[in-house]
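Here's a quick walk through the fold and the metal site. Have a look at the model first, then read on.

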Amino acid sequence: MDTISFSPVNPGGHRLPPLPYAYDALEPVIDAKTLEIHHNKHHQKYVDDLNKAELALVAARGKNDFTYINYLENELAFNGSGHILHSIYWTIMTSPGTGGSPGTNTENWINWYFGSFDAFKAQFSAAAKNVEGSGWCILGYNPAFGHLEILAAEKHQNGTQWGVIPILVLDVWEHAYYLKYKNLRADYVDAWWKIVNWEEVERRLLDAYRGKLRLII
Ligand code: MN3
């Protein structure tokens, strides 16, 4: 059997990816202060805690001491998923008026499964507005079924289908919108459509279908 070469992230080696734009680039939909805290503080903490959990597990294996295995497995799931989803969230947004419209393949796949773009948008918005507590709304490609699906995830990790590859993600934790929108999550969700980067969505969809998508670049 062939030995494949791969380029893993070493245990404890995760880094906060830089934003692909300035903190004020998403104004007025997402204000600069919210974006700065969200990226610099919240996302950084998921990265730090994921690294800590991985290194703690390296140490646990070394000592053959799995006393804290339940805690550490939960830390891996929570912080690993948080790191992945935030990294995608930053890249699928862009300044208002610059995101274009859905690409040909994105549009075809959405129309085939959801019936129309409007029906997709209505379901995605409803799912995002009604996520219970903190979580995400995710349009993902499911290689097991060969089609797109909308999933409403609680926290970062509950409510997924195994194998789903996130294509378009919307953070509906309060830290993503509370400074500007207060308790009005629905207003944030409705405004957010103005900053979707459809070119990046199309690229992610095609790479996911071809099995070439690296979730964090
Ligand atoms: Mn967040």
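Strand 1 (residues 135-142) and strand 2 share 8 bridges, and Trp136 has Ala153 in strand 2 as its bridge partner.

This is a predicted model: local features need pLDDT of at least 70, side-chain atom pairs count only at pLDDT 80 or more, and totals for chains, interfaces and linings use all residues. Residues are numbered from 1 along each chain as its sequence is written, and side-chain values use heavy atoms, with hydrogens and water left out.

Now the metal. The manganese ion is held at 2.0 to 2.2 Å by His38 (NE2), His86 (NE2), Asp171 (OD) and His175 (NE2). Donors are N, O and S atoms within 2.8 Å of the metal (3.2 Å for Na, K and Ca); water is not among the atoms, so sites may look incomplete. His86 lies in helix 2 (residues 69-91) and His175 in the loop between strand 3 (165-171) and helix 5 (178-181), so the two link parts 89 residues apart in sequence.

Buried means under 20% relative accessible area, exposed over 50%, partly exposed in between (1.4 Å probe, protein chains only):

| Residue | Relative accessibility | Class |
|---|---|---|
| His86 | 0% | buried |
| His175 | 17% | buried |

Terms used: Helices (H or I, at least four residues) and strands (E, at least two) are DSSP runs, numbered from the N terminus. Two strands pair if DSSP finds at least two bridges between them.
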